[in-house]
Amino acid sequence: MNCLYQSKRISDLKEKMLSSKRYASIEQARIITRVYQENEDVSIPKKRALSLKAALEELEISVEDEELIVGNRTKGVRYGVVFPESGCSWVNQEFETLPTRPQDQFLVKEEDIKEFREKIYPYWKGKSLEDAIKGTYGKEINEISKVVKINQKDHAQGHICPDSALWLKLGPQGLMEKAKDKLKNCREEQKEFYECTILVLEGAIHFMQRYHDLIIQENHEELQEVGKICLNLSKRPPETFHEAVQSLWFLFVILHMESNASSFSPGRLDQYLYPYYQRDIENGILDQQKALEILECLWLKFNQIVYLRNQNSAKYFAGFPIGFNIAIGGVDEKGNDIYNDLSLLCLKAQEHLGLPQPNLSVRLNKNTSHELMQAAIKVVSLGSGMPQFFNDEAIIHSMIDDLGIEEKDARNYAIVGCVELTTHGNNLGWSDAAMFNFNKVLELTLNHGRCLLTNQQIGLDLGSLETYETYQDLENAFQKQIDYFIDKMMDAEKVVEKAHQDYLPTAFLSIVIDDCLEKGLDVTRGGAKYNLSGIQMIQVANLADSLAAIKELVYQEKMISKHDLLEALKADFKGYEIIQTMLLNKVPKYGNDVAWVDELGSKWTKYFRDKMKHYTNYRGGRYHTGMYTVSAHVPMGENVGASPDGRNALKPLADGGMSPVYGRDKQGPTAVLKSVSRLNNSCTTNGGLLNMKFLPEFFKTETGCLKFENFLRAFVDLKVPHIQFNVVRKEELLDAKVHPENHQSLTIRVAGYTAYFVELAGKLQDEIIERTTYESI
């Protein structure tokens, strides 16, 4: 593998992509609107299928002469797609500000704004998913928004790992034959579902043929073989490695065209692509260098799709985290460790390119090979924030025991988006359903249910810090406040899921999610084998530190009076600096291997997880929990007043999800692992996230890399579910903030994803800069 190199083809394509301007696009919105207007008398599932088919047949397409993998959902790269079915109102309000907003900017064309306002928005006003949710439950969702962020309100549900192996095995023609057979003998209520699947597959076949035709028409001499591949794939399943990779990319382009959502993930690509690779190697039509070049062309494609979010959501999901998550390594169905040449080639592609996508993940277990470990560590040392690591020893048993996942499916788990866990090809996990802010709930519990920032009555008035005679009284009130907001959150979730069923059925996605075709049932209506919904708990580190401070300094040691602490919080510590200093320095903090502090956080995450077991989602499946923030720890911190852990009002909460508050982990990285290991893994079946930052010098020697491998093996032994690393100097980040023009290619791990540092808003940049950096283990 060491002799492999990045070809000029790849460097030229990368430069072209990075130099391209990023625009908002209304082309698909125009097509969707026309199809809906022409078919007013048919059902929404049929309109959706017809509009996707039309987009596949009509959207302007392009190719580059250097490409080995072709296809995109827009002619331009990194374009943000306006998608009227899911949400138009926010676009109408924000269109002009897209180029200047603080986070995730897009250029706009005046003629597009004019057409949108005159032709597209007038038709969709009041008709989209966004409008339906606002009209049905918008007031109630707003009332809890300081505590609970309800997601998926103006875009389709992504965060799905399709059955890529099935797609490669049958191809669109084979799948269409299967759908036609089902249609012949189906019940009347299933008929429309199968008709819709046939329509979208016809569109998919035409889409592939169009790339062949374009290559011929424009006489792209360099692309003749690629053109033949596209034509072949429109007629039959892939037979070669190159065909399989191209087929896989077509699958993900079409999924994005149908749903315009984030985090459709390829999953265990090194496993299901390996037979094609192995056969071509044995037949002498492929070598490692050529396979790497094909993979790197795919890697570049993963960076050409971004997601256009509204301004508020962009703060929570900053840096275009589209979430093409690829998991390599791990165990097979029998529990044996497996990795292969493709696993190593995926790492080599990331080593060469260092781009934010795909979100590369390595699955570790107690038998993971030294070779795979060291190859992954080499890539980590380069500072792209990848790969991240997942622990089979922690995850598989939790999926089986806590979610009822079959053992073979649990062992074959994949990751979607940032760190969300899923089964492969048979699960609508709804993994980003909502985010629940523990620290705002604690604030309301301490202050008669009133917001410290506005004095608005948001929660239940159960008393205040001054009225709770014992620490147990406070905890009892905290529990009631949590219960109150959980009930409100669950009512909102029903509304959102029902709206998705009514407004965004997804025939194409349903084709590649088992068991939808067998049941004749759309995935949004419960057609998948597994139907889960995931809630994120925000933020355990601040919560543990706050409760520890109250318990020790107020109730046990009585070093601070209840009255003084509450007044200090109301004043954001102005005039109470001594109290703030005591809160920060007189009490142990989460992340330092202090059991009683860590267990305060563990207690409440477990309580929240157990509470979820009492609810069933709208598709009849289970709710479960995760502990990750994306970039929500910054805007959610803006909702929280001063907190008992000594944090000032409006400041970010801890990053990650399981990570300590930055700067408070004083005992080194191993102590952090031991603290995090005290969190119950049943609380992170939807994903948990641990961030760490190391200096580049640590990896300069073989001894340093071996120490790091031992650290990762300790991570496995302690059964911590996830860990990821930034390898960067603070000075480089500071310079990048001041001189972004000199650091355009600097990538950084934000939460469960990597983004370009200079594309992040200032507050998020500051939070990343302040994270603890380790020099040794």
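Author: Start with how the elements are assigned: helices (H or I, at least four residues) and strands (E, at least two) are DSSP runs, numbered from the N terminus. This is a predicted model, in which local features need pLDDT of at least 70 and side-chain atom pairs count only at pLDDT 80 or more, while totals for chains, interfaces and linings use all residues. Residues are numbered from 1 along each chain as its sequence is written, and side-chain values use heavy atoms, with hydrogens and water left out.

Reader: Where is D515, and what is the geometry of the peptide bond from D514 to D515?

Author: Most residues other than glycine have a negative phi, and most peptide bonds are trans. Here D515 sits in the loop between helix 21 (507-511) and helix 22 (516-519), and the bond from D514 to D515 is cis, with omega near 15°. The bond from Q357 to P358 is also cis, with omega near 0°; P358 is in the loop between helix 15 (341-353) and strand 5.

Reader: What is the phi of K558, and is K558 buried or exposed?

Author: K558 is not a glycine, yet its phi is positive, about 55°. K558 belongs to the loop between helix 23 and helix 24 (562-570). Buried means under 20% relative accessible area, exposed over 50%, and partly exposed in between (1.4 Å probe, protein chains only). At 62%, K558 is therefore exposed. K719, in the loop between helix 29 (702-717) and strand 14 (722-727), has a positive phi near 60°; at 42% relative accessibility it counts as partly exposed.

Reader: In what order do the six strands form the open sheet?

Author: Two strands pair if DSSP finds at least two bridges between them. The order is 4-5-6-14-13-17, with mixed pairing. Strand 4 (325-329) and strand 17 (773-774) are at the edges with a single partner strand each, so one side of each has no neighbour in the sheet. Helix 17 (residues 392-403) packs on the sheet, touching strand 5 (359-364) and strand 6 (388-391). Contact means heavy atoms within 4.5 Å.

Reader: How many bridges join strand 4 to strand 5, and is strand 4 buried or exposed?

Author: Five bridges join these two strands, which run parallel; G329 has R363 of strand 5 as its bridge partner. Five of the five residues of strand 4 are buried, so strand 4 is largely enclosed by the rest of the structure.

Reader: At what angle do helix 23 and helix 26 cross?

Author: Axes are lines fitted to C-alpha atoms, for helices over the stretch in contact, and angles run from 0 to 180 degrees between N-to-C directions. The axes of helix 23 and helix 26 (residues 595-612) come within 8 Å and cross at roughly 120°. That makes helix 23 oblique to helix 26, where under 35 degrees is roughly parallel, over 145 roughly antiparallel, 65 to 115 roughly perpendicular and the rest oblique. The contact residues include L543, D545 and L547 of helix 23 and V597 and W604 of helix 26.

Reader: Which residues does D545 touch?

Author: Leaving out residues up to four places away in sequence, D545 touches K589, Y590, V597, D645, V661 and R664. D545 lies in helix 23 (residues 540-556) and, at 1% relative accessibility, counts as buried.
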